[in-house]
Amino acid sequence: MNFPFRCPACDAATTVPYADTGMHDVRCASCRARYALYLRQHKFETLFDFGARALLDGYGREATLNFASSLERALEFYLRATTLERAAGTDAPLEDAQAALDATWRTVASQSERQLGAFAFAYLTREGRAPDFLTPGALGTDFRNRVVHRGYIPTRAEVDAYAEKVYAITTRLLRDLGDAVTHAQLEQERAFEAHLLALPDDVQPVFLEHSGILRAARHATHGAPVAAPANDPGAFARVLQERAPLIERLFTKMPKRH
Ligand SMILES: [Zn+2]
């Protein structure tokens, strides 16, 4: 997957492959200017947009894989945001909290079942209630496993239903987090800053924000009370229809090689 980028110096259009880190080193093919592009976007947001694009293009299996990965990363996002939120409320240095979080994450990183367990207790601790949306039915676990592990080719209706589930759980988590989403955003900004400080003098930093389907930043309430999660079936279908042109613009095909 690639996103379009226009060189600020000479206005030449190019396409940049999405990088896992959100940091992209780019050299303009036309004027040779060098840039470090920082994409202010969380992994679950990017993966959900990948899924939406695949769905719009009619690739149901690819969409399902991306939505499933997005959900896993959304649970991680919740864990990281709440852990850093708690650390910010103490006198302990943030670097120590970050290091402890990274070390703890490593113990669950390779197994999604462990991550689910860690998430469940983090949710209970912060919200004071059980994560009742973590049932296999609500998570669409059976469907996901059939597609991911057994090569099942889903119908469009099945993919739509699965996307609704992932969308509902993720928006609910973001609403629960409210202003805590900013702690995960700051974590990303610190990673960008460390990269930026090491940039050679001739590389210009550029910060990008894509407007896609799920965006944590939209859920920060800036101190206002968090609204109760709404039960809104069909929310994803409406948002997809409304934002389809945006999603189309987020991704560009690479030119064919001759
Ligand atoms: Zn240029």
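Start by selecting Phe251: not counting residues up to four places away in sequence, this residue touches Met1, Asn2, Pro4, Tyr18, Asp49, Phe50 and Arg53 (contact means heavy atoms within 4.5 Å). Before going on, note that this is a predicted model, where local features need pLDDT of at least 70, side-chain atom pairs count only at pLDDT 80 or more, and totals for chains, interfaces and linings use all residues. Residues are numbered from 1 along each chain as its sequence is written, and side-chain values use heavy atoms, leaving out hydrogens and water.

Is Phe251 buried or exposed? Phe251 is buried, with a relative accessible area of 6% (buried means under 20%, exposed over 50%, partly exposed in between, using a 1.4 Å probe and protein chains only). You'll find Phe251 in the segment after helix H9 (235–250); helices (H or I, at least four residues) and strands (E, at least two) are DSSP runs, numbered from the N terminus.

Next, select the three strands that make an open, mixed sheet in the order E3-E4-E5 (strands pair if DSSP finds at least two bridges between them). E3 (23–27) and E5 (203–208) stand at the edges with a single partner strand each, so one side of each has no neighbour in the sheet. From one strand to the next, the twist averages 25 degrees.

Now zoom in on E4 (residues 34–39), which runs parallel to E5 and is joined to E5 by six bridges. Pick Leu39 and look across to its bridge partner in E5, Leu208.

Last stop: helix H8 (residues 181–197), which packs on the sheet and touches E3, E4 and E5. The direction of H8 makes about 170 degrees with that of E4 (axes are lines fitted to C-alpha atoms, for helices over the stretch in contact, and angles run from 0 to 180 degrees between N-to-C directions).
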